Structures are given as C-alpha cells and as structure tokens.
Amino acid sequence: MESIIQSSIEKAVALLKNGEVVAIPTETVYGLAALIDQPKAIDYIFELKGRPRSNPLIVHVANLQQAEKLCDSFPTPLKKLAQQFWPGSLTLVLPKAQQVSNQITASKNTVGIRIPNHPILLQVLKETGPIAAPSANPFERISPTTAKHVADYFPEGLKMVLDGGACQAGIESTIVGFENGEVILYRLGAVSLEEIEKVVGKVALFNAQKSTVVTPGMSKKHYAPKTKTVVTKNINDFVNQHATSKIGLIMFQQSSKLIVAKEVILSPSGNLNEAAQHIYQTLHKFDQLELDYIVIEPLPNKELGRSINDRLSRAVHG
Ligand code: TXA
Ligand code: MG
C-alpha cells in the first residue's frame, strides 16, 4: 500500500481545498489541518483526535495581513510580540473577527493565531489561506515531531501526512493573550518566558482558578506517554530501588553511568533548545520499547527548560 507520508505540496493544497484533513509539518510539532471555511473537515479533526469540542483550535496564517483579518483588534503589546516572534512558535490569543467560526473557537470571543516558521507550511498557507490545526496526536497523547509519529497515531482515517522532516523546535508554541490590560501566558512552549518578558515586561502566568478563560492545554493530564513516566532528581535511588525493572532513562547533559535498558542524553552540550528538540522524539521512541518505566531528570528551570519541565509535569500525572 502507498504510504500516506508524502512530500507533494500541490497534493496537500488540493486535498485541503477539497475539504479534506491533512497532517502538516510546523517548526513546533505536526498538526492536523483543515481550511477555516471547511466546517466538515474541522469537525473531522475533533473526531479523529477524540478531542472535546469545547477545546478551541488555533489558526495558522501566512502573514500579518491574514492575521489582522481574523481579529477585531490587536492589543499593542501583542502586536509587539508578533513583530518580534512571527513567523515563529508563538500563538497570540486575540479578540476574534466575525468570520472566525464558533466551531474553531469553541464559542469563545477570542481566537488563537500564529504564523508558523516552516518553509513548506508557509508555502501551503500562501496558496490556501488560513488553516485551523491542533497538534496531530490523539487527545492527551504526546505531540508528534515527525511525519512517522503522525502516521503511526492515525493508521486509518487520514489521507496524507505532508512530510516536512523532524520539527526544529520540538515542543508546542507558547500561547499568550491579553486580559484586563495585562499580558497573560496561557501555555509555556517553544518561545521562552524570558524572551517574551524581554519584549513586553513582566507577564502574568495563567491561573486556572482566577481566570474565566479555559485553556485545556493547561489541564493537568496531557502529553502523556503510555509507559509509566517518572520525573526525579534522584535517578540513582530510583534505579537502585527498581533493580528488576526495565528502565529507559532520559538525562539532560550527562550520562547517569547506571546500567539500565536504555539511556538518552538530550543535549551533551547542555543546550536547552536542543533538549526541547529531542524530548518528544525520545518519549515516542521509548514508548515503543515496552519499558516498565521512563525516568527523566528534570531540566534546569529556566528558558526552554521551564517549558520542558512544564510538559513533563503533565506527562507524569495520573
Ligand atoms: O505549536 C502549536 O501550537 C501546535 C502546532 C500544530 O501549531 N498546535 C497546537 O495546537 O499545539 P493544540 O490545539 O494542540 O493546542 C492549542 C492550545 C489548546 O490547548 C487550546 O485550548 C488553546 O491552544 N487555545 C486555542 N484557542 C484558544 C483561545 N481562543 N483562548 C485560549 N486558549 C486557546
Ligand atoms: Mg495539543
């Protein structure tokens, strides 16, 4: 059988225009894409992912003009962030324009928008116009960072995965909005909190108790491997206490020098961006090895280390 992993941009564009769902590469993670004016295809995205329809999709656009058409206003601090980080791994939550359907925004009055930084996807977007796309994983599973991850998740029900290689950033976009005159960070991601604050000053972190905005990406259980996953500083103790278990170890910079079934070092040079690029890929790989445990050393809690730690804290929940 012909593989669904293909590299024809023309074919992807034709399928999308024909109201199909196509998996697309971005620099963060792969997405499940549909054109914003194709309600049946958008509905099918929710069905394929098993995602609650109360969880809004973000919209990807080719340029600032397209973004401006999809929102009612563009608060100045968010405009500054767009100028600094687009195209790139930052999603801005903006007051939505009429033409963005409630189906996409889950009936919110805001819409999440970003210009991705991936040459193949930008080419697609230039020809199709705005595309709604969540990450291309089943609900609550780890986001895919290669075309093969997507094809493995959806062996049926998807006509094409547009191959764009391994994702450069490797974790999802950072999500930022503006509420009551304040810049709010809803989801840590591939643009660090430090980088955001350099442009707009101190930002508030989303607080589920205080806010009326529901961002299911912030829910506790998310991004989970199937294998029981533990994050601990005490790697030695854990391995010694589980001597008969098959353990996959994920270390940041240095080997544990312990005898385990498998060990991966995310970045021998201690680069947090490189660690982000490798984290999901390693989790996907380990999840195939029938391990008893995936044990992860927490990363330094700064820059992208903070974003990775946030994801890992969700991977271990429940
Ligand atoms: O890097 C990414 O952002 C990837 C790639 C494909 O672009 N997409 C992605 O989409 O991670 P998704 O749907 O898996 O995560 C987007 C998050 C969801 O948790 C959703 O609840 C939140 O963004 N979101 C979307 N629109 C929103 C809005 N108007 N207000 C608040 N949160 C929103
Ligand atoms: Mg997702």
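In this predicted model, ligand 1 has 27 residues around it, and those that come nearest are Thr28, Asn55, His60, Ser135 and Ser173. Sorted by class, the shell around ligand 1 is made up of 11 nonpolar, 11 polar and five charged residues.

On its own, ligand 1 has 670 Å² of accessible area, of which the protein covers 98%. With regard to secondary structure, the elements that give two or more residues to the shell around ligand 1 are β4, which spans 58–60, and β6, which spans 110–114. Of the elements, β6 gives the most to this shell, with four residues.

At the level of the whole chain, the domain assignment gives domain 1, covering 5–205, and domain 2, covering 229–315. The centres of the two domains, taken over C-alpha atoms, are separated by 28 Å, and the contact between them involves 25 residues of domain 1 and 16 residues of domain 2. Between them, domain 1 and domain 2 bury about 1600 Å², and 57% of this area is on carbon and sulfur atoms. On the side of domain 1, the residues that lose the most area to domain 2 are Ile142, Ile171 and Leu188, which together account for 35% of what that side buries.

Two details of the backbone remain to be described. Most peptide bonds are trans, and most residues other than glycine have a negative phi. The peptide bond from Trp86 to Pro87, however, is cis, with omega near -5°, and Pro87 itself lies in the loop that runs between α4 (76–85) and β5 (90–95). Ser107, although it is not a glycine, has a positive phi of about 65°; the place of Ser107 is in the loop between α5 (102–105) and β6, and β6 is also the strand that gives four residues to the shell around ligand 1.

Definitions and conventions. Residues numbered from 1 in each chain as written. Chains lettered and ligands numbered in written order. Predicted model: local features only at pLDDT ≥ 70, side-chain atom pairs only at ≥ 80, totals over all residues. Heavy atoms only, no water. Near = heavy atom within 4 Å. Areas by Shrake-Rupley, 256 points an atom, 1.4 Å probe, with all protein chains shown as cover. Nonpolar A, V, L, I, M, F, W, Y, C, P; charged D, E, K, R; others polar. Domains from an automatic or database assignment. Contact = heavy atoms within 4.5 Å. Buried area = accessible area lost by both parts, 1.4 Å probe.
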